[in-house]
Amino acid sequence: MRIGILALQGAFIEHEQALQRLGVEFVEIRQLADWQPETLDGLIIPGGESTVQGKLLRDLGLFAPVQAEILRGLPVFGTCAGLLLLAEHLNNDERQHLATMHITARRNAYGRQLGSFYTEAEFKGLGQIPMTFIRAPYIEAVGPQVEVLAEVNGKIVAAREGKQLVTAFHPELTGNDSVHKYFLNMLN
């Protein structure tokens with residue numbers, strides 16, 4: 001098994017560390033030459049700045065090839081900014097990025113940096129797990145094929161559509177690898 005990690009900006013190193021703990025091979029995707037989807041079983045799009053990551057995807061010529069592979073069925077896991085990049089609509093932003101998942105998200109929904117928080121909540125199939133939110137979005141609406149996996153205070157913070165998984169929180173920052181295992185199980 002080999003997972004690509006979009007390593008343009010954000011918390012990609014923490015995802016690498018989670019995959020290392022799980023004994024999974026990974027490769028950083030930093031430029032178009034790194035993008036070899038035929039060698040990948042899945043892709044992780046980390047948290048960070050969605051606007052910056054979206055711009056870099058376009059500037060580096062990665063946008064169209066990555067979008068096409070996800071639409072073809074490449075499994076993808078987006079955390080925080082990754083959720084925003086995969087969302088079909090952003091309620092409070094006119095930008096549209098990869099737009100491969102039928103969700104509507106709200107950027108910085110919990111406020112600025114001071115609105116960051118930690119909690120534990122139920123994740124469907126995993127039980128109670130730790131969740132770290134940093135300037136996090138949440139999902140306001142889902143399409144009919146989208147399964148809601150977790151909610152915090154009535155807000156959707158994790159969802160799945162086919163081979164696409166998104167979390168508004170950062171599971172890579174907690175030391176609990178259960179969400180990464182959930183993603184890896186989706187690859188079978």
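Modeller: Let us start with a term: two strands pair if DSSP finds at least two bridges between them, where strands (E, at least two residues) and helices (H or I, at least four) are DSSP runs numbered from the N terminus. What we see is a predicted model, in which local features need a pLDDT of at least 70 and side-chain atom pairs count only at pLDDT 80 or more, while totals for chains, interfaces and linings use all residues. Residues are numbered from 1 along each chain as its sequence is written, and side-chain values use heavy atoms, with hydrogens and water left out.

Biologist: Which residue in E11 stands opposite Ala-150?

Modeller: Strand E10 (residues 147-152) runs antiparallel to E11, and five bridges join the two. They form a hairpin with two residues between them, where Asn-153 in the turn has a positive phi of about 50 degrees. Across from Ala-150, the residue that stands opposite in E11 is Ala-158.

Biologist: Which residue of E12 is the bridge partner of Arg-160?

Modeller: E11 also pairs with strand E12 (residues 164-167), in the antiparallel sense and over four bridges. This hairpin has two residues between the strands, and Gly-162 takes a positive phi near 60 degrees there. In E12, the partner that Arg-160 bridges to is Leu-165.

Biologist: How many of the seven residues of strand E11 are buried?

Modeller: Buried means under 20% relative accessible area, against over 50% for exposed and in between for partly exposed (1.4 Å probe, protein chains only). Strand E11 (residues 155-161) is largely enclosed by the rest of the structure, because its buried residues number five.

Biologist: Where on H1 do its buried residues lie?

Modeller: In helix H1 (residues 12-21), the buried residues are Phe-12, His-15, Glu-16, Ala-18 and Leu-19. Seen down the axis of H1, they fall within an arc of 160 degrees (taken from the directions from the helix axis to the C-beta atoms), so they line one face of the helix. An α-helix has 3.6 residues a turn, so residues three or four places apart point the same way. The place asked for on H1 is therefore one face of the helix.

Biologist: Which helix do the buried residues of H1 pack against?

Modeller: Contact means heavy atoms within 4.5 Å. The buried residues of H1 pack against the strands E1 (2-6), E2 (25-29), E3 (42-45) and E4 (76-79), and also against helix H5 (178-186).

Biologist: How far apart in space are His-180 and His-15, C-alpha to C-alpha?

Modeller: His-180 has its place in helix H5, and seven of the nine residues of H5 are buried. Leaving aside neighbours within four places in sequence, His-180 is in contact with several residues, including His-15, Ala-18 and Leu-22. Although 165 residues separate His-180 and His-15 in sequence, their C-alpha distance in space is 8.5 Å.

Biologist: What is the relative accessible area of Gln-53?

Modeller: Gln-53 is found in helix H2 (residues 50-59). Leaving aside its neighbours within four places in sequence, its contacts include Leu-6, Ile-45, Pro-46 and Leu-85. Gln-53 counts as buried, because its relative accessible area is 1%.

Biologist: How much of the chain, out of its 188 residues, counts as buried?

Modeller: The chain holds five helices and 12 strands, and its C-alpha trace spans about 40 × 40 × 35 Å along its principal axes. Of its 188 residues, the share that counts as buried is 52%.
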